[in-house]
Amino acid sequence: MMKKHSWAEPYKIKMVELLKITTLPQRRKAIDNAGYNTFLLKSEDVYIDLLTDSGTSAMSDQQWAGMMLGDEAYAGSANFYHLEKVVQEVYGYKYMIPTHQGRGAENILSQVMIKKGDIIPGNMYFTTTRLHQELAGGVFHDIIIEEAHDAANYHPFKGDVDLNKLEALVKEYGADKIPYVCIAVTVNMAGGQPISMGNLKALRAYTENLGIKIILDMTRIAENAYFIQNREPGYAQRSIRSLVKEICSYTDGATMSAKKDALVNIGGFLALNNTDAYEEASNLVVVYEGLHTYGGLAGRDMEAMAIGIKESISDAHIKARIGQVIYLGEQMKQMDIPITEPIGGHGIFIDAKRFLPHLHQELFPAQALAAELFIDAGIRTMERGIVSAGRNAKTGENYCPKLELVRLTIPRRVYTQAHMDVIAESVCNVYDNRKKIKGLKMVYEPKYLRFFQARFEKIK
Ligand code: F0G
């Protein structure tokens, strides 16, 4: 008898979007025009788009139906109250302020919580999150466990905090200089690596006595819950829904980019439990986003988000979502492609240092590899290495992260298993020809978040 291990998507497809297949000369020209930056490609030149899982999900028929229920009143939209209720029920936070996307919430949170000279510890940086902390006068410190900085290290919870690193910061600066610890679920820059429930509980126990708050970057929380359910002893019988709520219960508030987990194309929110902080934030949101009952979103966007949040915590959904990512990762492992392990929640991260050992980091190996992957078959990926890391705001020096990765991010409910096969084959083809890949030179560097708009030239 065959054992039943397979998963299948818990949906069927009602509408399709046709893809365009381009030729090799067309792709060479397109990436050259884009300055070897996949963010500057036109989407119409892309065959399979793995640039990001942000805002690229397919919405369900229920979400589309919800769009028709948009209440576009300037103030007090019915969709706001629906979204508020869902956030309270699913995540357990008391207050919710909608924002146009995650970084809108990060901006407001940073302004409310950070004073000049404050220290913000976090389990690895995220680009926009760190920048908002810095713009508010804070200084970010990485307190993730060392294993997270090694793509080849197989640790089940590479998103865990090293409490000794946090303790050292408390000793050096004093707890009163640390308003909160910023905790990301399935840490994006580490390769979609989860934090364990045990580590989060221990962090809570340690910080509570010191009066340090915990703010969650809850962008991919359901995916993190899946790894707890499947890897952490004692949680196998728990539902994704209950794990999500438990994660939030150890924190004081959260910023959310609903463009990922919550299955919408735009939107986010800030969630808080403290009334004073909420009042300040709901005042500030008026300046940057819009009234506190719409925060830069249309009523219909809030409705789609409320429905998407409920769909995102279904066990069947998450099992298929991460099942597809793992399927692609396993294929690439069979072809000996060096990837970050364990396989993360939202994509496969190729280790460009091991893929292109002949290129040193100043030649932007991950950026060059992303360009080559596009040229091979029109698959768009993105760099997560020295370009993304940017420069130290004070000294102007390049941050040189240990991880030099190319991210193949899988949009939710968009591509099929056959697409995964085509992707793996293309990566394998580039791998076979890797010795021919030369590095890049940066010829234009924007001041903020340079990876989005920087331009490069091929080294001859
Ligand atoms: N936090 C994390 C962990 C993220 O991955 C992102 C966005 C944000 C915050 C900011 O949210 O884009 O809605 O303003 N990540 C996208 C990505 C851009 O491609 O990984 P946003």
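A surface patch here is made of residues with over 30% relative accessible area and no salt bridge, joining like charges within 9 Å and nonpolar side chains (Val, Leu, Ile, Met, Phe, Trp, Tyr) within 5 Å. Welcome to a predicted model, where local features need pLDDT of at least 70, side-chain atom pairs count only at pLDDT 80 or more, and totals for chains, interfaces and linings use all residues. Residues are numbered from 1 along each chain as its sequence is written, and side-chain values use heavy atoms, with hydrogens and water left out.

**On the surface**

- Tyr11, Ile13, Val16 and Leu18 make up a nonpolar surface patch, and together they have about 480 Å² of accessible area (Shrake-Rupley method, 1.4 Å probe; for residues, only the protein chains shown count as cover).
- Val16 sits in the segment before helix H1 (24–33); helices (H or I, at least four residues) and strands (E, at least two) are DSSP runs, numbered from the N terminus.
- Val16 counts as exposed because its relative accessibility is 64%, where exposed means over 50%, buried under 20% and partly exposed in between (1.4 Å probe, protein chains only).
- Lys116, in the loop between H4 and strand E3 (119–122), also counts as exposed, at 75% relative accessibility.
- From Lys116 to Gly159 is 43 residues in sequence and 27 Å in space, C-alpha to C-alpha.

- Strand E12 (residues 405–409) is mostly covered, with 5 of its 5 residues buried.
- In a regular strand, side chains alternate between the two faces of the sheet.
- Leu405, Arg407 and Thr409 point one way from E12, while Val406 and Leu408 point the other way.
- Strand E9 (residues 347–351) pairs with E12 in the antiparallel sense over 5 bridges; pairing requires that DSSP finds at least two bridges between two strands.
- Asp351 has Leu405 of E12 as its bridge partner.
- Strand E11 (residues 382–384) runs antiparallel to E12, joined by 3 bridges, and Met382 stands opposite Arg407.

**Around the ligand**

- Of 16 residues around the ligand, Thr52, Arg103, Asp217, Ser257 and Lys260 come nearest (near means a heavy atom within 4 Å).
- Helix H4 (residues 102–113) gives the most to this shell, with 3 residues.
- Polar contacts are pairs of N or O atoms within 3.5 Å; within protein, one must be able to donate a hydrogen and the other to accept it, and residues adjacent in sequence count only if both atoms are side-chain atoms.
- An oxygen atom of the ligand lies 2.8 Å from a side-chain N or O atom of Asn188.
- The protein covers 94% of the 470 Å² of accessible area that the ligand has on its own.

Methods:
A salt bridge is a side-chain nitrogen of Lys or Arg within 4 Å of a carboxyl oxygen of Asp or Glu.
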